[in-house]
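Trainee: I would like to go through this structure and ask what stands behind each label.
Mentor: Go ahead. Each label will be held against its cut-off.

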Number of protein chains: 2
Amino acid sequence: MKIGLLIIATEVLEGKIQDINTKNLALFLKKFHLEIYTSLVVRDIESEIQRGYSELLDLCDVVVTSGGLGPTKDDLTKKVLGDFLQTKMELSQEAMEVAQSNYKKFEREFPGKDHGYSYLPLGVKPLSNSTGFAPGLWTLVGAKLILGAPGVPREFVSMLYDHLAPYIKKHHLNNEYTGDVIIRTRGVPEEKIFGQVDIELWDKLEKFGSVSSLPQMQGVDVGVKIRASSEATFNTKKNQILNIIKSSPINEFIWHSGPEGLEEVIVKKSIEKKLKFGFAESATGGLCAHRITSVPGASQVFNGSIVSYVDSVKKNCLGVGEVSQFGAVSEQVAIKMAEGAYKGLGVDVAISITGLAGPGDDGKNPVGTVWIGWHTSKDCGAKTLRFYGDRERLKDQFSQYALFTLLEKIQN
Amino acid sequence: MKIGLLIIATEVLEGKIQDINTKNLALFLKKFHLEIYTSLVVRDIESEIQRGYSELLDLCDVVVTSGGLGPTKDDLTKKVLGDFLQTKMELSQEAMEVAQSNYKKFEREFPGKDHGYSYLPLGVKPLSNSTGFAPGLWTLVGAKLILGAPGVPREFVSMLYDHLAPYIKKHHLNNEYTGDVIIRTRGVPEEKIFGQVDIELWDKLEKFGSVSSLPQMQGVDVGVKIRASSEATFNTKKNQILNIIKSSPINEFIWHSGPEGLEEVIVKKSIEKKLKFGFAESATGGLCAHRITSVPGASQVFNGSIVSYVDSVKKNCLGVGEVSQFGAVSEQVAIKMAEGAYKGLGVDVAISITGLAGPGDDGKNPVGTVWIGWHTSKDCGAKTLRFYGDRERLKDQFSQYALFTLLEKIQN
């Protein structure tokens, strides 16, 4: 089953918002061992939406559209679908009832039959919306399906689960168990992995499925896509791959095997080891805490973070009196911040971050400099590194470096 | 000048990473009063990349590609471009030199002429990469340009500025000054804005340019795209629009006119009013601090945040001893947390957040409940609201509600 995504959103092409429905659809399809075949973003212009319908319907068995279903004049999806199907827009009793029940759910009164939601192209079915007001669209073109969902991510996702899931279950008779084995490396560029560290690795892995190499912020993820006939076969192949990796020189660069992110690995390992941790954050400004608290269950191991953005807070909340002596971005201050967090938060492992995310520097260190401190029941210390990029990228990289330090301390 | 984006990235279609180069290209083009015409994501499969080249070259004057330029076997962009142009891949002295200088910049040794970076389809020019190793691609097809950039966002962006910017300046003789007037509302759904609050508004605004209505997390953004012959004409039209808004009943729902986000507005107003602020965060887990510290200059007004994820930290760092009596998610605890932050951080305005982001609840309140507390030199208090969604969405909404509360306190 080939599935295409048509995103109808001038605002995405103008950079006003970031599309996340491609990711939403991909993660939804993964549950059925399916993938998006291609995805297209078009402007809210009739001819462009037409082009989108026509191209994707040529290529795919199912076309999911995102956006353009709202009540305002710039919402054209429904009208253009009518033109595309060469049918007329009509007052639809069914559409009115679906819209009415969408409103009722939120204890709001439906504005009545004159409302745009009451109209649909002839032959198009309205879809209930369990998280919003706008009805979705459903129409078969020959053996192919067009499903129109609102662009609001929450509504888009709920419409997939409510309406596309049953269709896939019925029509996609899948005997395949598809999945990825992901090997997450750190500290080695991709050309070195395959050109120097283990030159036979790619070919060895390719025997199990298609291999990919994906440079991410924290390092290179090597993936192998396995198509198996059952979960058991999948797991056998997966174990064979993991054995190859274990006996390869690449093994020393691997920090995790699996799709989990760094935050999830940290929370999981901390729970296993019954360790509590926390941060003293300056340059990351709360990002380390935010990343950790995005993981369900973080409260079992994460006590808190003192975001000390100015010197007075470093002094009052962390007991760091050395700022004027050494400068905020220094080894001494990083160590004292970690000590302050260790004591104040009552944790087993405290990590501190002090650095310069820019745009201005401190007259001593260049923008991009960071010190990461740690204080555990075993030892304390600090290390430094310089990164490059804008403020957002530097915060990301500082937090990544801090979380890797935390992971090391938790593992040892 | 019509510009199309071809994203060559199976990993985006599988949901492994989120594309941000559409936004990167859009924001780059905005500086030249240009927009992306359409954007297409294809899998790393030769026939799909071919389709992408051919479709976008049909539609656009400039095709920018993202991805598939790395050194591993799954990087096919260059090979397919050669096939598409019906030319052969050859060892290129120029490509080798560009790659060499890319390596030299990072004080790394270029692996030599056998390296994939040394090969290019005949007639394709290599582009220097100021932030990475992989050279870009540049080729003219008739009067149309194909520019191939790496998918790594930092490298993608630097290649736009280094190579596409000069081309646009030379070939895009723009006499237009295009820009958006953005009116940011809150607390009113889009159909009410145009169907109830001011039913003539859409038509009035449309006289100035194309109108859009974009529901965002915090409320509906109404946009008017103005095409003017100069900045002066643009500003005249902008002021006329703002006057229409001021005399419209919609005015009471507007929290800002302009493209700035809530964080930026808060930092700007705090600087104007010379106010310092900070947070005591529980349920948002550092997100409020992270959002504020994403704004350059935040350190002038933001002192810090006490992320108190567990009760012991609420007690030790914020002096909140009432948790066991009232429960962590309560009016009393929200007020005491704000007081603790006000004193501990030494600020003029302190905002606290305590709520349930799930998945588990506390046996008293449903998931989605949040209390926002405040403590200023003038008053203190707390208010509550219930939101819906998953953990990520709830954290986002809690932080949005907290930041709006902060903005109100700063303005009063």
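Trainee: What does A:Leu56 touch, leaving out residues up to four places away in sequence?
Mentor: A:Leu56 touches A:Gly4, A:Leu5, A:Leu6, A:Thr38, A:Leu40 and A:Val63. Contact here means heavy atoms within 4.5 Å. Note that this is a predicted model.

Trainee: Where does A:Leu56 sit, and which helix is that?
Mentor: A:Leu56 lies in helix H3 of chain A, residues 46-59.

Trainee: Why is A:Leu56 called buried?
Mentor: Buried means under 20% relative accessible area. A:Leu56 has 1%, so the label buried applies.

Trainee: How far is A:Leu56 from A:Val80 in sequence and in space?
Mentor: They are 24 residues apart in sequence, and their C-alpha atoms are 15 Å apart. A:Val80 belongs to helix H4 of chain A, residues 77-85, where the buried residues are A:Thr77, A:Lys78, A:Val80, A:Leu81 and A:Gly82. After H4(A) comes A:Gln86, with a positive phi near 55 degrees.

Trainee: What makes strand S1 of chain B mostly covered?
Mentor: Six of the six residues in S1(B), residues 3-8, are buried. B:Ile3, B:Leu5 and B:Ile7 point one way, while B:Gly4, B:Leu6 and B:Ile8 point the other way, and all are buried.

Trainee: How do you know that S1(B) pairs with strand S2 of chain B?
Mentor: Pairing needs at least two bridges. Six bridges join S1(B) to S2(B), residues 36-42, and the two run parallel. In this pair B:Ile8 stands opposite B:Val42.

Trainee: And how is S1(B) paired with strand S3 of chain B?
Mentor: S1(B) and S3(B), residues 62-66, pair in the parallel sense over five bridges. Here B:Ile3 stands opposite B:Val62.

Trainee: What is the strand order in the open sheet of 10 strands?
Mentor: The order is S17(A)-S16(A)-S15(A)-S13(A)-S14(A)-S14(B)-S13(B)-S15(B)-S16(B)-S17(B), with mixed pairing.

Trainee: Why do the S17 strands of chains A and B count as edges?
Mentor: Each S17 strand, residues 380-386, has a single partner strand, so one side of each is left without a neighbour in the sheet. The twist averages 15 degrees from one strand to the next.

Trainee: Which residues have the most contacts inside the largest nonpolar core?
Mentor: That core has 70 residues, and A:Phe277, A:Phe279, B:Phe277 and B:Phe279 have the most contacts inside it. A second, separate core of 56 residues includes B:Ile3, B:Leu25, B:Phe28 and B:Leu160.

Trainee: How many disulfides are there over all chains?
Mentor: Zero are found in a search of the whole structure. A disulfide requires sulfur atoms within 2.5 Å.

Trainee: How many residues of chain B are in contact with chain A?
Mentor: 85 residues of chain B are in contact with 84 residues of chain A. The two chains bury about 6900 Å² between them, 54% of it on carbon and sulfur atoms.

Note on methods:
Residues numbered from 1 in each chain as written. Chains lettered and ligands numbered in written order. Predicted model: local features only at pLDDT ≥ 70, side-chain atom pairs only at ≥ 80, totals over all residues. Heavy atoms only, no water. Helix = DSSP H or I, 4+ residues; strand = E, 2+ residues; numbered from the N terminus. Axes fitted to C-alpha atoms, helices over the stretch in contact; angles between N-to-C directions. Core = buried A, V, L, I, M, F, W, Y, C linked by side-chain atoms within 4.5 Å. Buried < 20%, exposed > 50% of the residue type's maximum accessible area, 1.4 Å probe, protein only. Buried area = accessible area lost by both parts, 1.4 Å probe.
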